[in-house]
Amino acid sequence: MPFNSLAPQLSRLGPGLVMSVAATGLAFAIHAFFPAVPAMTLAVALGLLSANIPGTAVLTAGRARSGLDFAGKHLMRAGIVLLGLKVSIGDVLALGWLSLLLIAGIVLVSFAGSYGLARLLRLPGETALLIATGFSICGASAIGAMAAVRRIKHQDTVLPVALVTLCGTLAIGVLPLLMHPLNLNPEQFGAWTGASVHDVGQVVATAQTAGTSALAIAVVVKLTRVVLLAPVAAAAGMHQRVRNVRERINGTGQGASGVDGRFPPIVPLFVVGFLAMVVFRSLGWAPPVGLEIAAAVQDFLLASALFGLGSAVQVRTLIHTGRCAILVALGSWLLIALLGLGAAWIMIR
């Protein structure tokens, strides 16, 4: 790109990207002092603060907005690609077919239940779809992938991402308190956490309260849910393409979600990248030090993206217009917690 065209881009995106990176650094610094609070949650919280404190609200809504939106969209996609390096097919298959079927069942039932509840409370179809995807699979990453497949506007992902992140944080505080009343051993608690908590970082923060054995199984169960991101995205992409073809034949729509008339991808390029990283990790081609560096970069990218998304949430607007969405989020959180608990009892006796 010539410098004369790059300079305006840097001028437009620079303030927001600098703000996002700085806030992410602060989130990780706070996390270092308070490890129980995930950096991802802190990034969203800082984004919310920046959008609702008078001193910074003008900046986030004005000069920094373009860069923050870029972070929320493109840094999220880059983070999803690197997320694939955390998944090993061998670890997933080691769970056994019963566990794999149970985990797939949790994803399908929680997806259908969340979507049905959202439509019952009359949320828009795309909002319902994003909430169902985020709560059933892997939080903000899944929402970003689904939005790309369905060509959902970036600003429409802000509320679902905020809700899934905040409800995942709720799980960190609530689930450990229920371990002993429910008479769960560490392995069962780990399976429950991995099957029902949304973000990988939140799973780690929750499961580690019960020890290393709980953490080990929680991460494997969670990453098995993450693997389902690709087939769910592909199914959504295929459905969207079939609908677009039908609309084009019937003359009832543009035949695409965008104004350019192009069909959306069945599987977005960054999801293909995610799958490639899964294969790369599974074949043992990634050295341990490379995996550690990639994990750190991935966490930083996702935290920066979450700050960008959080900075677009106006709390006053959320309270007035998002009441039904909040009820759906809490209902979805409770549904997947109950499903995950039942699965944990069956998987580990």
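The largest pocket of this structure has a volume of about 620 Å³, and, like every value in this report, that figure was computed from a predicted model. Its lining is made up of 33 residues, among which Lys-86, Val-200, Gly-201, Val-204 and Asp-299 are the closest to the centre of the pocket. The elements that each give two or more residues to this lining are helix H1 (3-33), helix H2 (39-52), helix H4 (65-83), helix H5 (89-93), helix H11 (200-207), helix H12 (212-227) and helix H15 (288-310). The largest share comes from H15, which supplies six residues to the lining of the largest pocket. Sorted by class, the residues that line the largest pocket comprise 22 nonpolar, six polar and five charged.

The second largest pocket holds about 340 Å³ of space. It is lined by 21 residues, and those that lie nearest its centre are Lys-73, Arg-77, Gly-144, Ala-147 and Ala-148. Two or more residues of this lining come from each of H4, helix H8 (140-150) and helix H14 (269-282). In the lining of the second largest pocket, 12 residues are nonpolar, five are polar and four are charged.

| Helix pair | Angle between axes | Distance between axes |
|---|---|---|
| H9 and H10 | about 150° | 11 Å |
| H10 and H11 | roughly 160° | within 9 Å |
| H7 and H8 | about 140° | 8 Å |

Helix H9 (residues 158-178) and helix H10 (residues 186-196) pack at an angle of about 150°, with 11 Å between their axes. Because angles over 145 degrees count as roughly antiparallel, H9 is roughly antiparallel to H10. The crossing of H9 and H10 is right-handed. On the H9 side of this contact stand Leu-175, Pro-176 and Leu-178, which meet Phe-189, Trp-192, Thr-193 and Ser-196 of H10. The residues of the contact of H9 with H10 fall into five nonpolar and two polar, with no charged residue.

H10 also packs against H11, and the axes of these two helices come within 9 Å and cross at roughly 160°. That angle makes H10 roughly antiparallel to H11, and the crossing of the two is right-handed. Here Phe-189, Thr-193 and Gly-194 of H10 meet Val-203, Thr-206 and Ala-207 of H11. By class, the contact of H10 with H11 is divided into three nonpolar and three polar residues, with no charged residue. Within H10, Phe-189 and Thr-193 take part in the contact with H9, and Phe-189 and Thr-193 are likewise among the residues that meet H11.

The remaining pair consists of helix H7 (residues 125-136) and H8, which pack at an angle of about 140° with their axes 8 Å apart. H7 and H8 are therefore oblique to each other, and their crossing is right-handed. The contact is made by Glu-126, Leu-129, Leu-130, Thr-133 and Gly-134 of H7 together with Ala-142, Ile-143, Met-146, Ala-147 and Arg-150 of H8. These residues of the contact of H7 with H8 divide into six nonpolar, two polar and two charged. Ala-147 of H8, which belongs to this contact, is also one of the residues that lie nearest the centre of the second largest pocket.

Methods. Residues are numbered from 1 along each chain as its sequence is written. This is a predicted model: local features need pLDDT of at least 70, side-chain atom pairs count only at pLDDT 80 or more; totals for chains, interfaces and linings use all residues. Side-chain values use heavy atoms; hydrogens and water are left out. On a 1 Å grid over the protein atoms alone, a cavity is a set of points where a 1.4 Å probe fits but cannot get out, and a pocket is an open set with protein on both sides within 12 Å along at least five of seven lines; lining residues have an atom within 4 Å of a point. Grid points are joined across faces, edges and corners, and a volume is the space filled by probe spheres set on the points. Helices (H or I, at least four residues) and strands (E, at least two) are DSSP runs, numbered from the N terminus. Ala, Val, Leu, Ile, Met, Phe, Trp, Tyr, Cys and Pro count as nonpolar, Asp, Glu, Lys and Arg as charged, and the others, Gly among them, as polar. Axes are lines fitted to C-alpha atoms, for helices over the stretch in contact, and angles run from 0 to 180 degrees between N-to-C directions. Angles under 35 degrees count as roughly parallel, over 145 as roughly antiparallel, 65 to 115 as roughly perpendicular and the rest as oblique. A crossing is left-handed if the near helix is turned anticlockwise from the far one by less than a right angle, and right-handed if clockwise. Contact means heavy atoms within 4.5 Å.
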